[in-house]
Amino acid sequence: MTQEHDHDHEHHQPQPQPEVALRTEALEALLAERGLVSSNAIDAVVELYENDVGPQNGARVVAHAWADPAYRTRLLGNGTPAVYELGFSGFELNTLVAVENTPAVHNVVVCTLCSCYPWPLLGLPPSWYKSPPYRARAVAEPRAVLREFGLELDSNVEIRVWDSTAEVRYLVVPERPAGTDGWPEEELARLVTRDSMVGTGRALEPSELAGR
Amino acid sequence: MSRATLGQLDEALAGTAPLPRANGELVFEEPWQGRALGMGVVVLERTGTGWAEWREHLAAAIARHGQPPGESAATAYYTAWLDALERLLASKGLQPSS
């Protein structure tokens, strides 16, 4: 596994009002403690609403990269302007880095100190992404964590763990499933799940689309 | 009150304090804003709070908070939303007032 970061650089809630974000977290923790509202219940509502701000933006980026090799090169070279080409902004205050999975390398994204996430592309982070066990274990034992997500990787696959920061956000470009040659981008995008873009899953196989 | 769909939420808030949108899409500038919205919806459901009561809390919070210079509409809205939620909970004795 590759460790890309030291942990001394600045992690923080970005602009504009860190204290209101902390207040939100504190209230969520209090409600959970009282058994009034669980984080899962909030996740469910947020998921319900997130058709407006959901992972479909990221899925379009990945599908376009799969379909257009020149775009793929631009995306992997410099993510922020590449996603802007497709109309996705929101990375003015940080940099988007796209990392590509291959048969030899699997990338997974974490934010060890808080919950930095490429939300303009993926919507709001799921609660597991923010949970202390994921944040600690994704770095210490990524292979075991991925197995718990149902992702069994061969021992010869290198796992790279990317630790997000206020300055740098990561998007995983999953491997394109076999049997999708010539598919239009809208169909390809349906294969691209949120987890596949965080690196805790793979893109769906064509056969898995039927039930969705 | 059962859990509100986005459409019901829009309908209930339209006259008083419509959710911030751009081109029809909900605007969340930061993840906390979505959490605050989701938390509010679940609290309304769990506490059986009706729209009229929530609108009153929300309108009062928006009036108190306003939109400070340099603060975006979405930040101002969800800051007020959070404030209204804290007060709603306090009014029901569910949160120690701080």
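**Core.** I started with the largest nonpolar core of this predicted model. It has 73 residues, and I looked up which of them touch the most other members: Val62(A), Leu171(A), Val192(A), Met39(B), Val42(B), Trp81(B) and Leu85(B). Helix α4 of chain B, residues 73-91, supplies the largest share of this core, with nine residues.

**Leu171(A).** I picked this one from the list of core members that touch the most others. What does Leu171(A) contact once I leave aside its neighbours within four places in sequence? I get Gly58(A), Val61(A), Gly79(A), Leu96(A), Ala98(A), Pro118(A), Leu121(A) and Met197(A).

**β5(A).** Next I checked strand β5 of chain A, residues 168-173. Five of its six residues are buried, so the strand is largely enclosed by the rest of the structure. I then looked for its pairing with strand β2 of chain A, residues 95-100: six bridges join the two, and they run parallel.

**α2(B) on α4(B).** Back to chain B for the helix pair. The axes of α2(B) and α4(B) are 10 Å apart and the packing angle is about 35°; the crossing is left-handed. From α2(B), the residues that meet the other helix are Gln33(B), Ala36(B), Leu37(B), Met39(B), Gly40(B) and Val43(B). On the α4(B) side I have Ala74(B), Tyr78(B), Trp81(B), Leu82(B), Leu85(B) and Leu89(B). I sorted this contact by class and got ten nonpolar, two polar and no charged residues.

**α1(A) on α2(B).** Then across the chains. α2(B) covers residues 31-47, and its axis comes within 9 Å of that of α1(A), crossing at roughly 35°. This crossing is left-handed. Val20(A), Ala21(A), Thr24(A), Leu27(A), Glu28(A) and Leu31(A) of α1(A) meet Trp32(B), Arg35(B), Ala36(B) and Met39(B) of α2(B). By class I count seven nonpolar, one polar and two charged residues here. Met39(B) had already turned up in my α2(B)/α4(B) list and among the core members that touch the most others.

**Whole A/B interface.** Last, I zoomed out. How many residues of each chain are in contact with the other? It is 26 residues of chain A with 25 of chain B. On the chain A side, the elements giving two or more residues are α1 (18-33) and α2 (39-49), and α1(A) gives the most, eight residues.

Methods. Residues are numbered from 1 along each chain as its sequence is written. Chains are lettered from A and ligands numbered from 1 in the order in which they are written. This is a predicted model: local features need pLDDT of at least 70, side-chain atom pairs count only at pLDDT 80 or more; totals for chains, interfaces and linings use all residues. Two residues are in contact if their C-beta atoms, placed from the backbone, lie within 7 Å. Helices (H or I, at least four residues) and strands (E, at least two) are DSSP runs, numbered from the N terminus. Axes are lines fitted to C-alpha atoms, for helices over the stretch in contact, and angles run from 0 to 180 degrees between N-to-C directions. A crossing is left-handed if the near helix is turned anticlockwise from the far one by less than a right angle, and right-handed if clockwise. Ala, Val, Leu, Ile, Met, Phe, Trp, Tyr, Cys and Pro count as nonpolar, Asp, Glu, Lys and Arg as charged, and the others, Gly among them, as polar. A nonpolar core is a set of buried Ala, Val, Leu, Ile, Met, Phe, Trp, Tyr and Cys residues joined through C-beta atoms within 7 Å. A residue is buried if 20 or more other C-beta atoms lie within 10 Å of its own, exposed if 12 or fewer, and partly exposed in between; C-beta atoms are placed from the backbone. Two strands pair if DSSP finds at least two bridges between them.
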